[in-house]
Amino acid sequence: MPFARLATATTPTCHIGLGLAAVGRPGYINLGRDEDLGDDRSVETLRARTHELLDAAYAQGVRYFDVARSYGRSEEFLADWLNKHPGRNDVVIGSKWGYTYTADWTTDAEKHEVKDHSVQTYDRQRAETAELLGDRLDLYQIHSVTPDSPALTDKELHARLAEAAAQGTTIGFSTSGPAQADAIRAALEVTVDGEPLFRTVQSTYNALETSAAPALAEAHDAGLTVIVKEGMANGRLAAPHAPAALKAVAEETSLGCDSVALALVLRQPWAGVVLSGAATANQLASNLHAAVVDLDDEQLSRLAALVEEPRAYWERRGQLPWH
């Protein structure tokens, strides 16, 4: 398991990773992108921004970096950075397949990504990822598994993934939607030749959406590394959009709403890696303060009242515009 490398790290930020969804493409659903990225979102501008973030993250102890085939040029940008720093062998690299980026570097495409969990898509995207990341890829995840995903039942796909695992690539999956817990539990049952196929799970969990927690605890107990995504709820938990209760607790801690929101996730005993989706170096620095936030029981109680019903949460997420 490549994540054993993170277990040897002693920095406070070793359980925080950097996801490149927000900077690998010009459009995304995070709130506040117009202020974060401005008007110049050319390939080279976002490449430079990504490298700046990676440099800052590495310097501050972050060692897990997360990309996907559908995050525009995120794999390419990360590969360029790795090639510029060949000695940085202590990082763990994860990518995902299953969505194809279709926005052609625009922010107003009718569809920004298309989902397909077929063997054919896996074969194509695995080759594309290999061309960019080569042997630096540690973890390959099925992107956004839901309970109805054919990836949970396709034996040919399972055999392909098991072959990749036998060659040294860790195999994982991510989840999305109001039935994340069901998808996680179904994936835990997938075996090849009697051995569990998946070694990691990446799920949405934050102050507003906590429904996957019991299943994530089960996955952790089964030996999977749990990666948490969307800890900021696509910007809904960042100032100025944060709920009043979160703003109040943040003021009490003298840190940002983002620091408190991510600290809430880091507290979970099953959370192996919590992703920052920062788009600027200042956001990243603020996110990383989550490692030192100390919340008392009364503050935790106030934050617990923010939880939304899962279907309502995911319905609102689905309505967020691509910026």
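This is a predicted model: local features need pLDDT of at least 70, side-chain atom pairs count only at pLDDT 80 or more; totals for chains, interfaces and linings use all residues.
Local features need pLDDT of at least 70 and side-chain atom pairs count only at pLDDT 80 or more, while totals for chains, interfaces and linings use all residues. Residues are numbered from 1 along each chain as its sequence is written, and side-chain values use heavy atoms, with hydrogens and water left out.

The largest pocket holds about 1000 Å³ of space. A pocket here is an open set of points, on a 1 Å grid over the protein atoms alone, where a 1.4 Å probe fits, with protein on both sides within 12 Å along at least five of seven lines; lining residues have an atom within 4 Å of a point. The volume is the space filled by probe spheres set on the points, which are joined across faces, edges and corners. Of the 48 lining residues, Tyr28, Asn30, Glu230, Asn234 and Gly235 lie nearest the centre.

Helix 9 (residues 244-253) packs on helix 12 (residues 297-304) at about 155°, with axes 9 Å apart. Helices are DSSP runs of H or I with at least four residues, numbered from the N terminus. Axes are lines fitted to C-alpha atoms over the stretch in contact, and angles run from 0 to 180 degrees between N-to-C directions. Helix 9 is therefore roughly antiparallel to helix 12, a term for angles over 145 degrees.

The axes of helix 10 and helix 11 come within 7 Å and cross at roughly 45°. This pair is therefore oblique, the class left after under 35 (roughly parallel), over 145 and 65 to 115 degrees (roughly perpendicular) are taken out. Asp258, Ser259 and Leu262 of helix 10 meet Gln283, Ser286 and Asn287 of helix 11, where contact means heavy atoms within 4.5 Å.

Technical notes. Helices (H or I, at least four residues) and strands (E, at least two) are DSSP runs, numbered from the N terminus.
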